[in-house]
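Trainee: I'd like a close look at one part of this model. Could you pick a helix and walk me through it?

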Amino acid sequence: MPFSLIPRRVFDRYGDITVEYLKEQNITLLLSDLDFTLAAKSTRRPDQPLRDWIAGLSAAGIAFMIVSNNRSGTRVTEFCADLGVPYQGRAGKPSTKGLRAAMARTGAERTHTAMLGDKLLTDMLAANRAGVLALMVEPVGGAVTVWQKVLHGLQAPFKAVSRIRN
């Protein structure tokens, strides 16, 4: 699959991704990063808006799974258990192995799968390499550390290309 950092579409936040949009794209499985995509890394438990958004996906027949590179499974395990969703840990993004394993677990085809994330070098590259719809959000809580600010500054041109295409 192609080596591309450019997401198909950039949203301000996960809640801006509607069931209608996903249905228009023929998506039956939405994979998602956790840290800075759905919640700040320091957030231990999912909030009600996230619960409601995932419930809306489920009600529309769209499966949801978290795919995380997180090395310590404790936080992800607790977060996903509290949320009632499965997860694929140690995904190794930008490798496609975690995405492929998640699709195999649900029986979803890549043409009906989307990956949601906040980072080009892991989430979007993995999505594009796996041949799934690459959806990006601005990081929850914004860039905090110097490294995050540099990283997100470097991502700006790629996100701009995505916005021009749409």
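Mentor: Let's go through helix α2, end to end and then face by face. Keep in mind that this is a predicted model, where local features need pLDDT of at least 70, side-chain atom pairs count only at pLDDT 80 or more, and totals for chains, interfaces and linings use all residues. Residues are numbered from 1 along each chain as its sequence is written, and side-chain values use heavy atoms, with hydrogens and water left out.

So, α2 covers residues 48-59, 12 residues in total; helices here are DSSP runs of H or I with at least four residues, strands are runs of E with at least two, and both are numbered from the N terminus.

At the start of α2, Asp47 puts a side-chain oxygen within 3.0 Å of the backbone nitrogen of Leu50. Just past the other end, Gly61 has a positive phi of about 85°.

Now the inward side: Leu50, Trp53, Ile54 and Leu57 are buried (under 20% relative accessible area, with a 1.4 Å probe and protein chains only). Looking down the axis of α2, the buried residues fall within an arc of 95°, so they line one face of the helix; the arc is taken from the directions from the helix axis to the C-beta atoms. What do the buried residues of α2 pack against? Their partners are α1 (19-24), α3 (73-83) and the strands β2 (29-32), β3 (63-67) and β5 (113-117).

Methods
The expected span of a helix is 1.5 Å times one less than its number of residues. Buried means under 20% relative accessible area, exposed over 50%, partly exposed in between (1.4 Å probe, protein chains only). Contact means heavy atoms within 4.5 Å. A polar contact is a pair of N or O atoms within 3.5 Å; within protein, one must be able to donate a hydrogen and the other to accept it, and residues adjacent in sequence count only if both atoms are side-chain atoms.
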